[in-house]
Amino acid sequence: MRSEAAAQPDGLERFVSAGKGRGLRARRHYAVGELLFSCPAYSAVLTVSERGSHCDGCFARKEGLSKCGRCKQAFYCNVECQKEDWPMHKLECSAMCTFGQNWNPSETVRLTARILAKQKTNPERTESEKLLAVKEFESHLDKLDNEKRELIQNDIAALHHFYSKHLEYPDNAALVVLFAQVNCNGFTIEDEELSHLGSAIFPDVALMNHSCCPNVIVTYKGTLAEVRAVKEIEPGEEVFTSYIDLLYPTEDRNNRLRDSYFFNCDCRECVTKEKDKEKLEIRKLNNPPSAEMVWDMIKYARNVIEEFRRAKHYKYILSLTLTLLPCELLEICELSLDKMGALFEDSNVYMLHMMYQAMGVCLYVQDWEGALRYGQKIIKPYCKHYPSYSLNVASMWLKLGRLYMTLENTTAGVKALNRAIAIMEVAHGKD
């Protein structure tokens with residue numbers, strides 16, 4: 001195996017993938033855990049809620065960060081990080097001073113503003129674009145419905161409103177294309193517990209096509225994306241990542257892919273649907289429910305999940321938490337679990353989704369025992385439903401390990417943390 005530092009995209013090539021357009025394939029063998037390539041962010045933006053705990057420049061998490069002397073809202077490791085980030089931070093610095101609490105562009109608008117500035121100052125191809133240039137991104141403009149077009153126009157209006165001083169704007173048509181490209185090709189940067197840190201563009205990573213049976217995984221070291229093999233990859237084999245959460249059954253996954261990326265997946269798992277029965281497991285009752293009853297409960301579960309997803313995506317959860325106490329949020333989760341639990345087994349993915357939400361509320365209010373009870377119910381089905389070396393499984397083992405340690409169950413804590421490490425050494429590397 002080559003050293004991590006030496007790994008570059010030279011063992012890979014861009015090609016035309018049958019039925020999928022351009023893609024990425026291996027030119028040599030890659031072992032499980034091996035780094036295929038790394039890609040620095042073409043542009044990245046730290047989420048507002050993490051300011052003060054992470055550096056706005058490199059995304060490092062540390063205490064004692066130094067704040068920007070002017071806006072007092074951006075924080076940096078040191079002078080070097082601040083200087084390096086200034087060409088991007090200056091887009092927001094004076095605006096944050098001017099607008100005060102009324103400065104609230106979306107993360108997508110912030111990222112797009114930085115891309116426009118980068119294209120102006122760095123017109124040449126960058127280190128992030130060895131295989132795919134940002135201007136080559138697919139926009140799927142012809143597939144956008146009226147609702148998505150209206151959202152883009154709202155983002156364009158916010159861009160003009162908040163970024164008038166340091167940006168030169170292309171015409172409206174070009175901005176529509178750029179926002180559509182960002183929506184289809186942007187990445188969410190997460191930490192080891194899958195907490196949201198920010199958004200970024202990684203052009204070479206965006207070249208990979210999707211499969212629900214991926215052979216690589218993307219993880220992050222600050223604003224550097226790393227792509228590692230989670231299966232043996234042979235020369236000539238296409239490199240696939242996953243664009244979505246793989247917990248859910250085939251129909252749900254493809255609904256999400258169509259809505260966000262405008263295609264259906266034709267991987268082996270989507271064709272065979274072999275995991276769907278286990279993922280939708282029904283309780284063994286004396287009077288088995290009718291197909292109609294099961295379908296109605298699935299529709300109910302999907303609606304609940306979509307409400308949570310939209311709340312998270314559009315940040316409505318912030319206003320929700322102002323009016324609902326954590327105990328009330330937990331009650332909503334528990335009521336949903338009670339209703340679904342009349343038909344669904346605890347291992348059913350819709351039950352697991354609500355347990356995960358409930359666990360999050362327990363962690364927020366520091367109810368460690370409550371969080372542990374939910375986590376213990378979640379982990380075994382997670383290991384069954386997710387692929388090997390899943391970050392979702394590693395994150396859950398990590399949470400459980402920390403909870404066990406907090407509750408002074410050292411033996412169980414060490415066991416859980418070792419399970420997390422076993423996955424993370426493949427997904428994140430040995431260090």
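**Note on cysteines, helix packing and selected loop residues**

1. C93 counts as buried, at 1% relative accessibility; in this note, buried means under 20% relative accessible area, exposed means over 50%, and partly exposed lies in between (1.4 Å probe, protein chains only). The structure is a predicted model, in which local features need pLDDT of at least 70 and side-chain atom pairs count only at pLDDT 80 or more, while totals for chains, interfaces and linings use all residues. Residues are numbered from 1 along each chain as its sequence is written, and side-chain values use heavy atoms, with hydrogens and water left out.

2. Cysteines. A disulfide is taken as a pair of cysteine sulfur atoms within 2.5 Å, and by this rule the count is 0 disulfides. For C71, the nearest cysteine sulfur belongs to C68 and is 3.7 Å away, and C71 is in no disulfide. C71 counts as buried because its relative accessibility is 7%. C93 is likewise in no disulfide, its nearest cysteine sulfur being that of C68 at 3.8 Å.

3. Helix 2. Helices (H or I, at least four residues) and strands (E, at least two) are DSSP runs, numbered from the N terminus. The expected span of a helix is 1.5 Å times one less than its number of residues. For the 15 residues of helix 2 this gives 21 Å, and the end C-alpha atoms are 21 Å apart, in agreement. Helix 2 is mostly covered, with 11 of its 15 residues buried. These buried residues are E107, V109, R110, L111, T112, A113, R114, I115, L116, A117 and K118. The cover over them includes strand 4 (43-46), helix 1 (79-99), helix 3, helix 4 and strand 8.

4. Helix 2 against helix 4. The two helices pack at an angle of about 115 degrees, with their axes 10 Å apart; axes are lines fitted to C-alpha atoms, for helices over the stretch in contact, and angles run from 0 to 180 degrees between N-to-C directions. The crossing of helix 2 past helix 4 is right-handed; a crossing is right-handed if the near helix is turned clockwise from the far one by less than a right angle, and left-handed if anticlockwise. From helix 2, T108, V109, L111, T112, I115 and L116 meet L175, L178, F179, V182 and N183 of helix 4, where contact means heavy atoms within 4.5 Å. By class, this contact has 8 nonpolar, 3 polar and no charged residues. Ala, Val, Leu, Ile, Met, Phe, Trp, Tyr, Cys and Pro count as nonpolar, Asp, Glu, Lys and Arg as charged, and the others, Gly among them, as polar. An α-helix has 3.6 residues a turn, so residues three or four places apart point the same way.

5. Helix 12 against helix 14. Helix 12 (residues 349-364) and helix 14 (residues 391-406) pack at about 35 degrees, with their axes 13 Å apart. Helix 12 passes helix 14 in a left-handed crossing. Y356, M359 and L363 of helix 12 meet M396, K399 and L403 of helix 14. This contact of helix 12 with helix 14 comprises 5 nonpolar, no polar and 1 charged residues.

6. The loop between helix 13 and helix 14. Y389 lies in this loop, and its phi is near 60 degrees, a positive value in a residue other than glycine. With a relative accessible area of 28%, Y389 is partly exposed. S390 is also found in the loop between helix 13 (368-385) and helix 14, but S390 counts as buried at 6% relative accessibility. The C-alpha atoms of S390 and S242 are separated by 11 Å, although these residues are 148 apart along the chain.

7. K72 is in the loop between strand 5 (66-67) and strand 6 (75-76). Its phi is positive, near 60 degrees, in a residue other than glycine, and at 46% relative accessibility K72 counts as partly exposed. N255 is placed in helix 6 and is partly exposed, with a relative accessible area of 32%. N255 and L398 are 143 residues apart along the chain, and their C-alpha atoms are separated by 30 Å.
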